[in-house]
Amino acid sequence: MKQRLVGFFDERMDLSALRRWAKEKSVPQHKHSFWYYFGGLALFLITLQIITGILLALYYSPNPAYAHESVKYVMETVKYGWLIRSIHFWGANFLVAVVFIHMFSTYFMKAYRKPREVMWILGVLILGLVLAFTFTGYLLPWTTLSYFATKVGVNTPSIMPILGRFITRIMEGGRDVGAATLTRMFTLHTVILPLLAVLLITLHVLLSQVFGSSVPLSQANKREAIKFFPNFLMRDAAVWAGGLAILLAMVTMFPAGLGPKVNPVMPAPVGIKPEWYFLFVFETLRRFPETIAIGTITLAVLVWLIVPFLDRRASRNQKSTFFTLFGAAVLVYMISMTILAYLTT
Ligand code: HEM
């Protein structure tokens, strides 16, 4: 049966290239190989987000009069609706964490060096998209917390000179967060961002197939490798199964909650703070003058984006301690600001 099925496609389109790819592709093995699993795990999690997101969209209504009710209906009446919504909620948190781990691990292994510069730039753009997914999805349940936190979020860019107010207006679609904002966030979350994400991730993963996995400089003399198909793919699948098990444990122990519906004319509740992955930005804005904070963050993001072109030593396959220290400083800053925000708010 299998032979006939393969034969059917082989006769019509030449599968020999695919067969050659499966036979030849291998993955280097050394003491840092563990980090190679995070790209695949991110791919698995984003697929799960797309599937659960489509299921949620079957019931969701992007209208302030019905948005909260439609989410409540999914949680209380739709069969397994709570499960799908909770997987989408926890999956988003896991995805952000895994993408950050994948980014820092490829950074410290200097995987951005020639010829993978474009993979790195695509990666930074994909991280921006992942964060934009979480931001646009946050308003959709139309709860008190999601409404007022989004209000703070959409107003933050207006601090920036020149383009700031324009960005805020585009996101709001009016003079305040309201029905137009909800429609915009919904369209971004379910149409525009998924299209961009599929495009950029496809390119990113295709390039990873073209170049194969990079080997960190410290391991350059190790020649061991395992075959991708089926050996590494089986290990990948085991990592996905482990990730899914942890995700389902969180989902069943702590299902996603649903706060009260917002009444936009009421004053904002005190002590609003963003999700954990935005806390370092929040704390930076709280501790430093706004223009300095926004300016520094914008500059840091630009430097991060073009790091493969700044780190000329790594491109020539030489050790670049300065950039390792720079990455460590960024990581330490992000973690300490996050902890500070937790402790002081
Ligand atoms: C949803 C987001 C992402 C997905 C699905 C994804 C997927 C992948 C996959 C499947 C690989 C090949 C396996 C591996 O080396 O792990 C890879 C490699 C890579 N990714 Fe990503 N990635 C994502 C985000 C990012 C981000 C945010 C960055 C950095 C800013 C990044 C930078 C890289 C680099 C430099 C490599 C090459 C690693 C090497 O050859 O050693 N990726 N990615």
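Trainee: Which elements do the buried residues of α11 pack against?
Mentor: They pack against α12, residues 290-305, and α15, residues 321-344. Please keep in mind that this is a predicted model.

Trainee: And which residues of α11 are buried?
Mentor: Helix α11 covers residues 279-287, and its buried residues are Phe280, Val281, Phe282, Glu283 and Thr284.

Trainee: Let me step back. How many helices and strands does the protein have?
Mentor: The protein has 15 helices and 2 strands. Its radius of gyration is 22 Å, close to the 20 Å that the globule rule gives for 345 residues, so the protein is as compact as a globular protein of that length.

Trainee: What does the C-alpha trace span along its principal axes?
Mentor: The span is about 65 × 55 × 35 Å.

Trainee: What percentage of the residues is buried?
Mentor: Buried residues are 27% of the 345 in the protein. As for contacts with a separation of 6 or more, 79% of them are between residues 24 or more positions apart.

Trainee: How many residues are in the largest nonpolar core?
Mentor: That core has 49 residues. Those with the most contacts inside it are Leu41, Ala42, Leu45, Leu95, Val98, Val99 and Leu140.

Trainee: Which elements give two or more residues to this core?
Mentor: They are α3, α4, α5, α6, α7 and α9. The largest share, 10 residues, comes from α5.

Trainee: What does Ala42 touch, leaving aside residues up to four places away in sequence?
Mentor: Ala42 touches Leu95, Val98, Val99 and His102.

Trainee: Now the ligand. Which residues come nearest to it?
Mentor: There are 27 residues around the ligand, and Gly39, Ala111, Gly123, Ser208 and Ser214 come nearest.

Trainee: Which helices supply at least two residues of that shell?
Mentor: Those are α3 (37-57), α5 (81-108), α6 (117-139) and α9 (179-211). The largest share, 7 residues, comes from α6.

Trainee: How do the shell residues divide into nonpolar, polar and charged?
Mentor: The shell holds 17 nonpolar residues, 9 polar and 1 charged.

Definitions and conventions:
Residues are numbered from 1 along each chain as its sequence is written. This is a predicted model: local features need pLDDT of at least 70, side-chain atom pairs count only at pLDDT 80 or more; totals for chains, interfaces and linings use all residues. A residue is buried if 20 or more other C-beta atoms lie within 10 Å of its own, exposed if 12 or fewer, and partly exposed in between; C-beta atoms are placed from the backbone. Helices (H or I, at least four residues) and strands (E, at least two) are DSSP runs, numbered from the N terminus. Two residues are in contact if their C-beta atoms, placed from the backbone, lie within 7 Å. A residue is near a molecule or strand if its C-beta atom, placed from the backbone, lies within 6 Å of it. Ala, Val, Leu, Ile, Met, Phe, Trp, Tyr, Cys and Pro count as nonpolar, Asp, Glu, Lys and Arg as charged, and the others, Gly among them, as polar. The radius of gyration is taken over C-alpha atoms; the globule rule is 2.2 Å times the number of residues to the power 0.38. A nonpolar core is a set of buried Ala, Val, Leu, Ile, Met, Phe, Trp, Tyr and Cys residues joined through C-beta atoms within 7 Å.
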